[in-house]
Amino acid sequence: GFNIFRDLLQFAVMLMLVRLISPQGYGQFALANTVIGIISVLAFNSFVSHAIQLRDDLPVDYQSHFTFGALFQISLFMLTNIVALILGDTEGKEELSSLLHVLSVTFLLEWPAEIRRKMLERELNHKRLRALQAVGITLSAILAIALAMNGLGVWALVVPGLLVTIPITVELFFVVRWRPN
């Protein structure tokens, strides 16, 4: 059900955005997303899956996972910003540089959200996980349409993606009250 909801929502948003955002904006977003995708190969998400593979009788040391995630995600955040600075000095790539600076925040936002996702997966609480993800993509869709309708072009593709993880992160720190040490 969640996948159908997500796909229908993304399809509806895409139908609106293609009429509001120029092809150039989509091209800039695709290029910036490609750079982020290449850097993401080294992201924490690839390693934290270990948390759900432990036996049920063994506790998961989420503190260590969080610290390990900090090492990876902060490094990728800085690497992305270094790439963006280099591109900022390249003629014609100033816009790409700005997009990468904003998209680099994704690495910081994904880090605690991925911890909470794995907690919910380990607890087999998929209903809660899907509900939080549905809230995130709904907020993202609303913001994307609002930004595009206000003429912000490529930013309507970039900024809303940052909102997707917010509900999961808010739950981790404010509902569950989990704290890293």
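Modeller: F68 and F72 both belong to helix α4 (residues 62-88), four residues apart, about one turn of the helix; helices are DSSP runs of H or I with at least four residues, numbered from the N terminus. This is a predicted model, in which local features need pLDDT of at least 70, side-chain atom pairs count only at pLDDT 80 or more, and totals for chains, interfaces and linings use all residues. Residues are numbered from 1 along each chain as its sequence is written, and side-chain values use heavy atoms, without hydrogens and water.

Colleague: How many aromatic pairs does the structure hold?

Modeller: A pair of aromatic rings is described by the distance of the centres and the angle of the planes. Rings of Phe, Tyr and Trp (its six-membered ring) pair if their centres lie within 6.5 Å; planes under 30 degrees apart count as stacked, over 60 as edge-to-face and the rest as tilted. The structure has four such pairs. The ring centres of F68 and F72 are 4.7 Å apart with planes at 55 degrees, so this pair is tilted. One aromatic cluster is formed by F66, W111, F173 and W178.

Colleague: Which residues lie nearest the centre of the largest pocket?

Modeller: Rolling a probe the size of a water molecule over the atoms shows where empty space is left. A pocket is an open set of points on a 1 Å grid where a 1.4 Å probe fits, with protein on both sides within 12 Å along at least five of seven lines; lining residues have an atom within 4 Å of a point. Of the 35 lining residues, Q10, S140, P160, G161 and V164 lie nearest the centre of the largest pocket. Helix α1 gives the largest share of this lining, seven residues.

Notes. Helices (H or I, at least four residues) and strands (E, at least two) are DSSP runs, numbered from the N terminus.
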